[in-house]
Amino acid sequence: MENENLLAIAREFGSPVYVYDSSKIISQYNRLSNAFNNVKQLKLNYAVKALSNLTILKLMNSLGAGLDTVSIQEVNLGLKAGVKPSNIIFTPNGVSLEEIEKVSALGVQINIDNLSILEQFGTKHPNTPVCIRINPHVMAGGNSKISVGHIDSKFGISIHQIPHILRIVENTGMSINGVHMHTGSDILDVDVFLYASEILFETAKNFKNLDFIDFGSGFKVPYKPGDIETNIEEFGKKLTKRFNAFCKEYGKEITLGFEPGKFLVSESGHFLAKVNVIKQTTSTVFASIDTGFNHLIRPMFYNSHHEIINVSNPKGKERFYSVVGYICETDTFARNRRISEIIEGDTIAFKNAGAYCFSMSSNYNSRYRPPEVLWHEGKAHLIRKRETFEDLIRNQVDIAVSFSKETESVSS
Ligand SMILES: *Cc1c(COP(=O)(O)O)cnc(C)c1O
């Protein structure tokens, strides 16, 4: 998106505001599907938790994507966006049997990631085929907050427990129609992914009625110049070859599935904020903006780097800034960052603000969550309004108790 478009959006919808460029989402979707165009049956299930606005879900649906969901509420959002239940997979962790049964009753594919629920679900619903989530014990990336396939991870059923899975399947008479893994959000290395895939292929051979193998996600996108990016085209070639060979060996054409979140939406997003205060201290220059980790938590939570551009003055002299929020708590977005000279009132933009940004926002400090805008075919469309005071108090219950009485009786 051009700087002028971003500035016009900040003027029209106020600040702070999230903006998503539909053309970037579409091109990422096409890039991923093209990388696998030699696979007979490919299914891309968009991970709703990355960005769950209904309009985004509708866009995904129009592209032919299914949805990957982690709560019954995400399933209901998908259904509301017009996605067919058969195009949704439910991949929760640690949720109740009751929630899994409710989602299953909607006609959604269930993915189970522990032996306890597998046994209970299989006993009660032996005729509902389920997918199982495997933990291949592969360490992806170096950050334990986002590596979910390693030995200490809470996700998935250990590959060492396959004999127990097979016993449960036999005892209950249930059927396994898919095997799944999701090793984390930062797979740097195509070879690590391919290594984990081999473990999944080995696992798959234990089950005779598979319809699909789901390789999860973990595609990396660049957040700053020089970042390593998953080479999707190379990965597509290598995995396609291996997958097609597997299907031959298995004796059936099955579906190859992925669940990309970040890959599809991260780069589509900009988060716009206004600079309230420039504060020169003895050690740095702070630029305080009209938002905080209540609206964008990734820098504080994951130590994520988001590029920041001064859209009001993109070509100015560069200076060093610490960009901080307005929350009464340390909320640093960037330390000692080179940015084109900022004056109070300027609008700055965070890049890569499509994935895990709005969807992780909160009302901390009793601030309103920002609006969301879709930039589509040269026009800005408001797809979520800014919250109001009404939203803050909507569910608060004003109880009919007078707190002043006691004080009165004490004083009298
Ligand atoms: C979060 C999640 C994804 C999406 O991961 P990205 O890194 O955003 O692509 C996919 N599958 C499951 C099960 C997830 O929990």
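Glu253 counts as partly exposed, at 37% relative accessibility; buried here means under 20% relative accessible area, exposed over 50%, and partly exposed in between, with a 1.4 Å probe and protein chains only. Before I go on, this is a predicted model, where local features need pLDDT of at least 70, side-chain atom pairs count only at pLDDT 80 or more, and totals for chains, interfaces and linings use all residues. Residues are numbered from 1 along each chain as its sequence is written, and side-chain values use heavy atoms, with hydrogens and water left out.

Back to Glu253. Its partner in a salt bridge is Lys40, with 3.7 Å between the closest N and O atoms. Lys40 sits in the loop between helix H2 (22-35) and strand S2 (42-47), and Glu253 in the loop between helix H9 (232-250) and strand S10 (255-258), so the pair links distant parts of the chain, 213 residues apart; helices (H or I, at least four residues) and strands (E, at least two) are DSSP runs numbered from the N terminus. Lys40 counts as exposed, at 66%.

How many salt bridges does the structure hold? There are 15, each being a side-chain nitrogen of Lys or Arg within 4 Å of a carboxyl oxygen of Asp or Glu.

Next, helix H9. Glu234 and Lys238 form a salt bridge at 2.8 Å, N to O. They are four residues apart in helix H9, which means a separation of about one helical turn. Both are partly exposed, Glu234 at 32% and Lys238 at 35%. Asp191 joins these two in a network of salt bridges.

Last, Glu387 and Arg369 form a salt bridge at 3.2 Å between the closest N and O atoms. Glu387 is buried at 16%, whereas Arg369 is partly exposed at 24%.
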